[in-house]
Amino acid sequence: MTDLSSALHLSAPELTLAVGGLVLLMVGAFSGEKSTRLVSGLSVLLLLAATALAVVGPLGSAFNGAYVADPLAVYGKAVIFLSAAVAVVLGDSWMHRNKIAKFEYPILIVLASVGMGMMASSGDLISLYIGIEMHSLALYVLAAYRRDDLKASEAGLKYFVLGALSSGLLLYGASLIYGFAGSMRFVDIAAFATANPGPGLIFGLVFLICGLAFKVSAAPFHMWTPDVYEGAPTPVVALFSTAPKVAAMVLIIRVLVEGFGLAHAQWAQVLILISLISFAVGAFGGLMQKDIQRLLAYSSIINIGYALLGVAAGTQLGVQATLMFMTLYVVDQIGFFAVLLSLSRNGRPIRKIADLAGLKKDRPLTAVALTILSLSAIGIPPMSGFWGKFYVFGAAADAGYWMAGAAGLVASVVAGFYYLRIIKVMWFDTPEFDVTTDKAPAGAQWIGWAAAAFSFPVLLIALTWLEPLTRAAAAGVGIG
C-alpha cells in the first residue's frame with residue numbers, strides 16, 4: 001500500500017488531469033453547450049493545478065520504473081501544461097466567434113495533456129507507446145474538429161492515417177529493441193547496449209527514431225504537417241505547434257540519451273541526417289507558401305531540425321540547448337498564432353500573407369508585435385530566436401558537428417526571406433481594398449502582445465532564470 005501511495009503521489013499531475021477531465025466531460029454531457037465557457041475555464045485551472053503539482057511534487061520512479069519524475073520531466077511538463085492552457089484560452093473566444101464552440105474542445109486538450117505528461121515521464125517502452133497514443137488520439141479528433149469543413153476533414157484523415165503508419169514503425173522498433181535487450185525499461189536497455197552493442201539493437205533504434213520523428217514533424221516524416229496546419233482550426237494548430245512537440249522532444253532525449261547514450265555515434269548520424277533534410281525542406285518549402293498557417297508548418301519543420309541538433313550532440317550542454325530552444329520556440333509560436341487569431345475582416349479570419357497589407361495603419365501595435373516575432377524567428381539578435389539558435393549551434397559545434405551547424409545557419413538565412421516578406425507586406429505594401437479589421441478578441445490580442453514583449457525585451461531578463469532551470473533539467477538526465 002505504501003508503494004502504491006508513493007506511486008500515485010508521483011503521478012499526481014497526470015491523475016489530476018485524467019480525473020478532472022472525466023469530471024468535466026460529465027459536466028458538459030449533462031449541462032450541454034451552455035457549459036462551454038465554464039468547462040474551458042475549469043480546464044485552464046486544471047492544467048495550472050497539474051503544472052503546480054509537477055513543480056512542487058516529489059522526484060523518483062514508480063510502477064517498476066515505467067514512470068519517472070525527474071528534473072527533465074518536471075521542466076517538460078511545466079512547458080507542456082502551460083502551453084496547453086494557453087491553447088484553451090485562445091480557442092475559447094475563437095470558437096465562440098465562429099459559432100462552433102463545444103465543450104469537447106478543452107476536454108480533448110486536457111486528455112491529450114495526460115498523454116503528453118506520460119511521454120515526458122516515460123521510463124520504458126510501454127509507457128512511451130501509451131503516452132504517444134493517448135495524446136495522438138485526442139489530436140486526431142481536434143484536427144478534424146470542424147466536421148463540415150472539407151479541409152479540416154482531410155487534415156484529420158491524413159493525420160490519422162499517417163499517424164497509424166508512424167505507430168507501426170515505432171512498435172516495430174520497440175519490439176526489436178525488446179527482443180534483443182530482453183527488457184522494456186530504458187535503464188536495462190542502456191545496460192544491455194553497453195555490454196552487447198550490436199546491429200540488431202541499432203536497427204530497432206532507427207525504426208524507433210523514425211516513429212518519434214513523425215511526432216515532431218521532422219523531415220522526411222513531415223508529410224502530414226502542411227495539410228494539417230492549413231486545414232485544422234487555428235487554435236488547434238497553435239496547440240499542435242507547441243505542447244506535443246515539446247513532449248515528443250523530451251521523449252526523444254529520454255530514449256536516446258538515457259537508453260542509448262553509449263551508442264551515441266550510431267544514432268547521432270541519423271539525427272544529423274534528419275536535421276539536414278529538415279533544414280532543406282523547411283527553408284525551401286516555405287518560400288512558395290501564401291497561406292500563413294501553411295508557412296508556419298514549414299517553419300516548424302526547420303525549427304525541429306535545429307532542436308534535433310542539440311540532441312545529436314549527446315551532451316548535457318546539448319540537452320540544455322534543446323530545452324532552451326524549445327521553450328523559446330513555444331513562446332514565439334504562441335505569439336504568431338495569437339496574432340492570427342486576433343485578425344479578421346467581416347468575420348473571416350486573415351489567412352493569406354497578402355491580406356496583411358496595410359496592417360500598420362489599422363492595427364499598429366499588432367504590426368509591431370508580428371514584426372518582433374518574425375525577426376525573432378529569423379534569429380536576429382537580441383530576439384529570443386537568436387538565443388535559441390545560439391545555444392543549439394554552440395552545442396553542436398562543441399560536439400564536433402560544426403558543419404551541421406553551418407548548414408543550419410544557411411537554412412536560417414534562406415528561411416529569413418519568408419519572414420521578411422511578412423514584414424514587407426505589413427509595412428510597405430498598399431492594400432487593394434479597405435483594410436479595416438474586426439475588433440480583436442482581448443485574450444488573443446494580449447497574448448500576442450505579451451509573447452512579442454517576451455521575445456524582446458523581457459527575454460534579456462528572463463534568461464537569468466531560464467538558463468539555470470534548463471541546466472538543472474539537463475543535469476537530471478545523468479550525462480556528462
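Analyst: Here is a short chat about aromatic pairs and a helix contact in this predicted model.

User: Great, how many aromatic pairs are there?
Analyst: The count comes to 20 aromatic pairs. Take W387 and F390: their ring centres are 5.8 Å apart and the planes stand at 75 degrees, so this pair is edge-to-face, the cut-off for that being over 60 degrees.

User: Where do W387 and F390 lie?
Analyst: Both are in helix α18, residues 384-398. They are three residues apart, about one turn of the helix.

User: Which residues do ring pairs link into a cluster?
Analyst: That cluster consists of Y140, Y159, F160, F214, W224 and F240.

User: Switching to helices: how do α4 and α12 cross?
Analyst: The axes of α4 (residues 71-97) and α12 (residues 243-259) come within 8 Å, crossing at roughly 165 degrees. That angle makes α4 roughly antiparallel to α12, since angles over 145 degrees count that way. The crossing of α4 past α12 is left-handed.

User: Which residues make the contact?
Analyst: On α4 they are L72, A73, G76, V79, I80, S83 and A84. From α12 come A243, V246, A247, V250, I253 and R254.

User: How many of those are nonpolar, polar and charged?
Analyst: The contact of α4 with α12 has ten nonpolar residues, two polar and one charged.

Key
Residues numbered from 1 in each chain as written. Predicted model: local features only at pLDDT ≥ 70, side-chain atom pairs only at ≥ 80, totals over all residues. Heavy atoms only, no water. Phe/Tyr/Trp six-rings, centres within 6.5 Å; stacked < 30°, edge-to-face > 60°. Helix = DSSP H or I, 4+ residues; strand = E, 2+ residues; numbered from the N terminus. Axes fitted to C-alpha atoms, helices over the stretch in contact; angles between N-to-C directions. Parallel < 35°, antiparallel > 145°, perpendicular 65-115°, else oblique. Left-handed = near helix turned anticlockwise from the far one by under 90°. Contact = heavy atoms within 4.5 Å. Nonpolar A, V, L, I, M, F, W, Y, C, P; charged D, E, K, R; others polar.
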